[in-house]
Amino acid sequence: MRQSIASIWSGRSLNDPSARIDRFLADRVERLSAGLFVQRDFSAVASALVITRGRGKFLRVKHSFGSSVEIPDALGASLREATNDPDVSVSRITQLIDDLTGIQAQAADQLKQQAGKYVDRLLTVSVLDPGLWTTDFDGQRACAPLCNATSLASRSGITVIDAFAQRDIDAGGNGSPLEAIPLWLLFSDRHEKIARTNVAFVSCDRQTDYFRLPASDGLDSDLPALEHTILPGTAFLIEALERVLATRLTENDVKQLYSDHLVDDELSLRLKSAWLDGGRSEFEKVACSYINNVNADASVAGKLLCTTIEWICKHIARTIRAGAKATGGARQQVLLSSCDVIEACLLNRLAREFDSGDVFSKEDAGFKGLKLNAVVAAILGMMNVDQFPANVPWLTGASSQRILGRLTPGNPSNWRQLLRDMADFQPPAMKLRDAI
């Protein structure tokens with residue numbers, strides 16, 4: 001019998017989430033944690049309260065909700081400039097980090113208000129941000145978090161967990177992608193008896209990240225066979241259209257452009273050649289030149305939109321089918337997370353590649369108006385609390401699995417509660433070399 005989206009992601013209310021916190025925290029079984037995600041363009045800090053049950057690889061998200069705090073335009077512009085400047089001064093970046101930490105503290109305060117009478121149950125707040133990346137003289141990469149964890153812990157009173165990427169880098173990895181296991185814990189089919197459905201998670205932004213999340217009945221001792229593939233994204237497309245058409249595109253505008261125009265076969269061939277020859281940067285260059293080198297109007301914009309979505313979705317579908325064939329043709333469900341402006345068009349095109357009943361949006365999974373990366377941050381934090389390694393060596397390039405993150409204690413009451421929670425759990429045994 002076909003397994004529905006509701007049965008795979010059970011326990012997640014699609015109604016007003018904040019009004020139902022009592023249902024999940026009435027007893028002491030579930031744990032409450034928080035995640036903060038600084039968006040890559042430094043436009044906002046997304047936040048999420050996450051209620052979980054279980055520990056380690058058996059952790060399950062029962063409920064989540066959140067909000068966001070906008071970063072002032074001037075601060076966002078300064079952060080974008082500083083993170084792209086290899087010669088930025090220490091004093092300059094320190095000041096910007098302090099300013100950004102103030103925004104993060106506001107987001108943490110909002111979460112504490114949302115937690116209401118259960119605020120004392122909030123164990124940790126975990127922070128994911130773009131980081132300040134550097135490369136030393138021998139080519140070794142390093143990533144400094146854009147968070148003053150000591151200041152944030154002092155302001156919020158909650159234990160802060162950050163610096164996830166650096167621990168993977170210390171093990172020889174690239175520091176990304178780190179969301180593979182959290183996404184598997186969130187969305188994979190983990191039914192105890194009939195786990196049969198593989199989930200293809202597709203996140204379209206600056207680039208399209210495809211994660212294959214295999215089914216698991218919980219009996220496998222090692223990591224699931226997670227896969228990650230990078231494909232061209234769609235964020236540049238909306239930016240290019242808005243720049244040339246000199247208007248802020250809404251979801252209805254994009255739907256109209258998409259439905260009124262046809263694919264340009266010549267452009268499709270050029271996009272294919274650009275992706276094969278030069279990857280994402282060359283792909284975006286060809287797409288942007290198509291609209292920049294002509295007298296841009298709705299017709300040109302519509303053809304660019306239709307052609308690019310067509311090509312990206314076909315490429316996504318081919319990648320998903322290749323993964324399904326390698327696993328014996330197991331049933332696939334596709335979960336799409338994208339910018340709201342273009343998500344409907346992507347869903348429409350993917351539904352033509354697969355059974356429409358197997359293609360879902362993050363809203364279908366109960367994450368309406370919530371940034372999944374903030375939920376991922378919270379899960380990474382709980383994996384640190386449970387001393388469960390969170391990196392996947394064959395995806396990040398690390399030599400072995402590592403427990404990710406750095407703990408910075410909050411106030412004494414919160415720190416004592418966290419230590420008691422950690423003491424109540426015996427993490428599974430691991431090889432000595434993986435524990436070092």
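Helix H5 is followed by Gly157, whose phi is positive, near 80°. Helices (H or I, at least four residues) and strands (E, at least two) are DSSP runs numbered from the N terminus. The model is a predicted one, in which local features need pLDDT of at least 70 and side-chain atom pairs count only at pLDDT 80 or more, while totals for chains, interfaces and linings use all residues. Residues are numbered from 1 along each chain as its sequence is written, and side-chain values use heavy atoms, with hydrogens and water left out.

H5 itself spans residues 149-156, and its buried residues are Ala149, Ser151, Leu152, Ala153 and Ser156. Buried means under 20% relative accessible area, exposed over 50% and partly exposed in between (1.4 Å probe, protein chains only). The packing partners of these buried residues are strand E1 (31-38), H4, E4, strand E7 (159-162) and strand E13 (406-408).

Helix H4 (residues 90-115) also packs with helix H3 (residues 73-83): the two axes come within 11 Å and cross at roughly 135°. Axes are lines fitted to C-alpha atoms, for helices over the stretch in contact, and angles run from 0 to 180 degrees between N-to-C directions. H3 is therefore oblique to H4, given that angles under 35 degrees count as roughly parallel, over 145 as roughly antiparallel, 65 to 115 as roughly perpendicular and the rest as oblique. On the H3 side the contact (heavy atoms within 4.5 Å) is made by Leu75, Ser78, Leu79 and Ala82, and on the H4 side by Arg92, Ile93, Leu96, Asp99, Leu100 and Ile103.

The chain as a whole has 16 helices and 13 strands, and 53% of its 436 residues count as buried. Of the contacts with a separation of 6 or more, 72% are between residues 24 or more positions apart.

The largest nonpolar core has 48 residues, and those with the most contacts inside it are Phe187, Phe201, Leu213, Leu226, Phe367, Val375 and Met383. A nonpolar core is a set of buried Ala, Val, Leu, Ile, Met, Phe, Trp, Tyr and Cys residues joined through side-chain atoms within 4.5 Å. Elements giving two or more residues to this core include strand E2 (44-53), helix H7 (180-187), strand E8 (198-204) and helix H13 (372-385). H13 supplies the largest share, 11 residues. Neighbours within four places in sequence aside, Phe201 is in contact with Leu183, Phe187, Asp209, Tyr210, Phe211, Leu213, Leu335, Ser337 and Leu372. Another core, of 46 residues, lies apart from the largest one, and Tyr210, Val254, Leu257 and Ile320 are among its members.
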